[in-house]
Amino acid sequence: MRDSFPIGRVFNIEIRVHYLFPLILAFLVATAESPLMALFLVLMLFGVVFLHELGHSLAAQAFGIQVLDITFWPLGGMARMADLPENPRIEGLVAIAGPAVNGVLFTAGLMVHLLLGLPLVGNSIPGYFVAINLMMGLFNLIPAFPMDGGRILRAWLARKRDWLDATEIAVQIGRAFALGMIIFGYWLTGGWVMPFIGAWVWWMGARELWHVRMKHKARAAYESTMWPGKEGGRGLTLKDLGKIEDYRGQLKDYKPRD
Ligand SMILES: [Zn+2]
């Protein structure tokens, strides 16, 4: 990705930072009432985001799936993976691993909180840590595909359905949530982050649905013609193939449906 730069490697996964990230971090810290506290809180927030993404990544690696990189951008983090198989169990477990990390951190933070005898409501570092993990875990479980909860929903739907049908349904449900976030997000939270996430859910859902549709067309073409041939067959152009390959690796790795 050209819009980010690498900062290191963990478990053989490249960690990258989007160029906007340090700018927004500098802005937040410079405009805060207590800059040092703001810096600490933002770093803690992104430490938790990192552990959440690492949860997804290690679960994927356990299934032999290659994790390309984890990128931080101003609104969160994202782990990119190569050739995630169309398998409900694998997709479900990889998706739940992120919120599960927040669940463990939430429990650990709550125990520290209680051991230190801090009041449950009030401003303290352990209090922020507990709140961040609770909100991040629950928010990601909203079934708004392609958020984690939406992926769990698709995995659940795909147990008794074709992968493409399950994706179509999950994306429709995700769009309802996306619209809700866009229309009511500002009113609910008093900020523009929620409407922005709604727009992101809509856009990324559409993108992934397109990808799954194309991949299934490619499979049909693979079954009926010499693959990958001069034209993709059944309406799939070389341009489409190029877009799929940009998005998720070499098509020659895809196996026909069994
Ligand atoms: Zn996640």
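This is a predicted model: local features need pLDDT of at least 70, side-chain atom pairs count only at pLDDT 80 or more; totals for chains, interfaces and linings use all residues.
A residue counts as buried here if 20 or more other C-beta atoms lie within 10 Å of its own.

First, the setting. The protein chain has eight helices and four strands, and from the N terminus on they run β-β-α-α-β-β-α-α-α-α-α-α. Of its 258 residues, 29% count as buried.

Now for H2 itself. This helix covers residues 35-62, and from its first C-alpha to its last it reaches 40 Å, close to the 40 Å expected for its 28 residues at 1.5 Å a residue. Its buried residues include Val 48, Val 49, His 52, Glu 53 and Leu 54. What do the buried residues of H2 pack against? Their partners are strands S2, S3 and S4, plus helices H3 and H4. Just after H2 comes Gly 64, with a positive phi of about 80°.

Two packed helices are described by the angle between their axes and the distance between the axes. Here is how that works out:

On the H2 side, the residues involved are Leu 41, Met 44, Leu 45, Val 48 and His 52; they meet Tyr 128, Phe 129, Ile 132, Asn 133 and Met 136 in H4. The residues of this contact divide into eight nonpolar, two polar and no charged. Val 48 and His 52 also turn up among the buried residues of H2.

Conventions:
Residues are numbered from 1 along each chain as its sequence is written. Helices (H or I, at least four residues) and strands (E, at least two) are DSSP runs, numbered from the N terminus. The expected span of a helix is 1.5 Å times one less than its number of residues. A residue is buried if 20 or more other C-beta atoms lie within 10 Å of its own, exposed if 12 or fewer, and partly exposed in between; C-beta atoms are placed from the backbone. Two residues are in contact if their C-beta atoms, placed from the backbone, lie within 7 Å. Ala, Val, Leu, Ile, Met, Phe, Trp, Tyr, Cys and Pro count as nonpolar, Asp, Glu, Lys and Arg as charged, and the others, Gly among them, as polar.
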